[in-house]
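Please keep the structure in view while going through the points.

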Amino acid sequence: MTDNLVRHGGESEFQRKKRLRKVAAATIVGSMLEWYDFYLYAMMAAIVFSKVFFDPSDSKVATLLALSTFAIGFIARPFGGMLFGYCGDRFGRKRMLVATFCLMGICTTAIGFIPGYATLGIWAPIMLVLIRIFQGLGAGAELAAAAVTAYEHADENKRGSQGAWPALGLNLGLLLSSLTVYLLTMQGDEFLLAGGWRIPFICSIVLVAVGLWVRSSLPETIEYQKLSAIEDKSEVSSKVAGNPLLTLFKSDLKGLFVVLFLAIGYNALSYIYKTFSLAYLTQYKGVAANVTSLSVTIASLIAIFAIPFYGYICDRWSSKKVLLVGGVLSGVFAYPFMALLESGVDTWIYVAIGLGTGVLAPMMFAPQGSFLSRQFPTHTRSSGVGTGREIGTAIAGGLAPLGALALVSNSPTHSTTGVVVILVIAAVVLVVAVSFDQGNKHSNFKN
């Protein structure tokens, strides 16, 4: 009990548990609602937007353009990660959780009101791109803010499992968005294309209100409070008052590169699993939207159970070991994944996306809350995670599915060999990045 009082600023065991429940709610529910917005856009970009916002006379070009708008959001993500990461180190973690949530939610609702190409012509995709950029700014800061918050509130021996809370929220959001699309397409794609796609975007304003209420009740992290309250202004407090980004680039470049390349590897794998696969199946295999959305729904259900297990394993083994295993298995799974998709058979599609998105991606994502956060000291942690991860996400998350689709499109036989190569390279990049773990410099705990 005495240790808990020292660690958590004099709070009782009851107060500690109450605080952790609030943190869990804020990170899980908040991340769920924000990533519902984000993945809803990803799925609609692959299934609907090519027909709504672009000239439908050339379906292949329209599909590439629609996925390009998805990629454009990734260009904004590093700026959001750097800006809100900087603000998180300067002004606190809680404020950034609220700010990113509002930005993301308002933009998602606005997308539901944009008229289509038939009404506005070229102005329709222009408006979509502009809103998508602002949405990308919010998304670019979300994971870093949630991961750092969960990590800094966590018990020392539970940083792996509690650091996985944002990953659980992400997959709950993925489940909610994919289930929504599945329900809208149960009777075919006609209702979705006739305007039904707008319903989940417009209704997300209700989710924004709920998420804002949850996150506004979250207390500031213990570590940030301690850092801000130190009376000696000559060292640590001056770092808080100064420029965390400059300190990051001067003192923590190794950790920044670890996060950057891990993000490149992970996001290339993850977005090919759940974004490229939908576009490929729709465009080249003629698979209906209800099948692709159901495959993601099944995968997200699997992930919801897998993530707590992976978090538990992180506490037992370490987040580094879990990441390494996930990277190696993803490289091995590259060829079978594409072979299963190429079959065009519903059952094998469910298996492929279920294993990729439901088992392997969570194995590499659940450990990131603790692994990424421990690459940096407290005074640059928000900036470091936000900057490194979002630059890597912008490079791989937007370009990997677009590049993979372009390789298939330009192949005379629509071969997926190039996609397999991308998956294997991404897995190697992730494994190498994790091998250069800098966490021991900033933490005495393996998680």
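1. Contact, as the word is used in this note, means heavy atoms within 4.5 Å. With that in mind, and remembering that this is a predicted model, look at the place where Trp35, Phe38, Tyr39, Ala42, Met43, Ala46 and Ile47 of H2 meet Tyr271, Lys274, Thr275, Leu278, Ala279 and Thr282 of H15. Sorted by class, the residues of this contact between H2 and H15 are 10 nonpolar, 2 polar and 1 charged.

2. Two packed helices are described by the angle between their axes and by the distance between those axes. For H2 and H15, the axes come within 8 Å and cross at roughly 30°. Because angles under 35 degrees count as roughly parallel, H2 is described as roughly parallel to H15. The crossing of H2 and H15 is right-handed.

3. By class, the lining of the largest pocket holds 9 nonpolar, 5 polar and 2 charged residues.

4. How do helix H5 (residues 93–111) and helix H7 (residues 123–153) cross? Their axes come within 8 Å, and the angle between them is roughly 150°. Because an angle over 145 degrees counts as roughly antiparallel, H5 is taken to be roughly antiparallel to H7. The crossing of H5 and H7 is left-handed, and the residues in their contact are 15 nonpolar, 5 polar and 3 charged.

5. A further pair to examine is helix H20 (residues 378–410) with helix H21 (residues 417–435), which pack at an angle of about 155° with their axes 8 Å apart. That angle makes H20 roughly antiparallel to H21, and the crossing of these two helices is right-handed. On the H20 side the contact is made by Ala404, Leu407 and Val408, while H21 supplies Gly418, Val419 and Ile422. The residues of this contact of H20 with H21 divide into 5 nonpolar, 1 polar and no charged.

Methods: Residues are numbered from 1 along each chain as its sequence is written. This is a predicted model: local features need pLDDT of at least 70, side-chain atom pairs count only at pLDDT 80 or more; totals for chains, interfaces and linings use all residues. Side-chain values use heavy atoms; hydrogens and water are left out. Axes are lines fitted to C-alpha atoms, for helices over the stretch in contact, and angles run from 0 to 180 degrees between N-to-C directions. Helices (H or I, at least four residues) and strands (E, at least two) are DSSP runs, numbered from the N terminus. Angles under 35 degrees count as roughly parallel, over 145 as roughly antiparallel, 65 to 115 as roughly perpendicular and the rest as oblique. A crossing is left-handed if the near helix is turned anticlockwise from the far one by less than a right angle, and right-handed if clockwise. Ala, Val, Leu, Ile, Met, Phe, Trp, Tyr, Cys and Pro count as nonpolar, Asp, Glu, Lys and Arg as charged, and the others, Gly among them, as polar.
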